[in-house]
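Here is a short briefing on one protein model. Keep the sequence and the 3D view open as you read.

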Amino acid sequence: MSNATFRGGVHPYEGKELSKDLPIKQVNLPGEYVFSMAQHIGAPATPIVEKGDKVLVGQKIGEASGFISANICSSVSGTVKAVEPRMLLNGSKATCVVIENDEEYTGIEGLGEDRDYTKLSKDEIRDIVKEAGIVGMGGAGFPTHVKLAPKEPDKIDYILVNGAECEPYLTSDYRQMMEYTDQIVKGLKVMLTLFDNAKGVICIEDNKPDAIAKMREAVQNEERIEVLPLKTKYPQGGERTLIYAATGRKIYSAKLPADAGCIVDNVSTVIAIYRAVCKQTPLIRGVLTLTGDAFNTPVNVEVRLGCSHADLVPEGDGFKTEPVKIISGGPMMGFAFFDLNVPVTKTSSSILALTKDEVAEYEPTPCIRCGRCVEACPGNLMSQKMAQAAMHNDYDAFVKLNGMECYECGSCTFVCPARRPLTQTFKQARQYVAAQRRKK
């Protein structure tokens, strides 16, 4: 094992003290629930219900439409009001199933009942995960059943549970490690049954000592599981940086974690695996952090997927002052809401409401060639030269400078004294290059 860190990175204001100390609040909201068919990387799911249909909690309402795709299950019982395009978090539109919650929460047969995973075959476990519609809940949304079926499972020797939660303000993973400890351990044990040669490592930043202690107590008698404290540094929770910090192995954009003998899953995803396999419950709930200095009472809430973000604001006792900016996710890699009246999806993680927009207060100035962006980059990239190439539309040079290896973590932009929008520039360049490659 390495010293549980990586080269580069930054130390932004953490802001976790705002929401970390209150227990997770269970929330069931009335009204309309909207289920996007595009809550994951890959092909959108295909709706398998129609207007007027009655549905149950846990019922599949969207069928995966390809290998890289995921099922969608209803989190409420009620009547399908419509199957139509609706606006999503990022401002795009996608086909959605709209269900009026009857507030009875009648479930499908067997929902929530115990199941002994030790009596299941590996293929049965993978099929259950697929049917449950589980995806990476750390933000990427990659279908988990695909991740759990690598070409050479015998070469997987690490299952890394990502509990770093390095993004500022967010505390949903921390609260789940404190409150759902056993579910995390059992979910990891389910995953370990799929990989005979693997060791489970629960990775937690050392700014969460109580979570480290609690998880260590929970796994003290587990021979194949250990807890690894990580140095507190952003972006410690990035997949590539986490793999390097935990194992000393490196991967690049053309490789998958499995190529380095690793499977990496977020805390929430591991809990979802436990609930699907051991409690016969598909992915229908998620934990979001409601935080920022605009909220009266920052808190973490566990909600049924498909509810509106706008309806969650009262759960944090509303805004004490009108936010200047509201972000989905954290301040480093999240993006601003254009409207809170959009549905919570599998990858939703927060409503971050701020009374100050620090980015908008500063105008970019010319680069002073200080090199801070290079020092901060966890990917060892020449950020200043990449930015120059991208701004001149010299995409060949951008690619030669390994621009496609950029994490888009925001570390370079954070440290830049000239306030240059480096990450945004790289994001646009990467999107252009990827689009040109697809044309070929």
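Which residue of strand 16 is the bridge partner of Ser328? It is Phe335. The model is predicted.

**The open sheet**
- Strand 15 (residues 325–328) and strand 16 run antiparallel, joined by 2 bridges.
- Both belong to an open sheet of 6 strands, in the order 1-14-13-17-15-16. Pairing in this sheet is mixed.
- Strand 1 (25–26) and strand 16 (335–336) are the edge strands, and each pairs on one side only.
- Strands of a sheet pair through backbone hydrogen bonds, either parallel or antiparallel.

**Strand 12**
- Strand 12 (residues 262–266) is largely enclosed by the rest of the structure, because 5 of its 5 residues are buried. Buried here means under 20% relative accessible area.
- Cys262, Val264 and Asn266 point one way. Ile263 and Asp265 point the other way, and these too are buried.
- Strand 12 pairs with strand 9 (residues 158–163) in the parallel sense, over 5 bridges.
- Asn266 of strand 12 is the bridge partner of Asn162.

**Helix 6**
- Helix 6 (residues 239–247) is mostly covered, with 7 of its 9 residues buried.
- The buried residues are Arg240, Thr241, Leu242, Ile243, Ala245, Ala246 and Thr247.
- Their cover includes strand 9, strand 10 (199–205), strand 11 (225–230) and strand 12.
- Gly248 follows helix 6, and the phi of Gly248 is positive, near 80°.

Notes
Residues numbered from 1 in each chain as written. Predicted model: local features only at pLDDT ≥ 70, side-chain atom pairs only at ≥ 80, totals over all residues. Heavy atoms only, no water. Buried < 20%, exposed > 50% of the residue type's maximum accessible area, 1.4 Å probe, protein only. Helix = DSSP H or I, 4+ residues; strand = E, 2+ residues; numbered from the N terminus. Pairing = 2+ DSSP bridges. Contact = heavy atoms within 4.5 Å.
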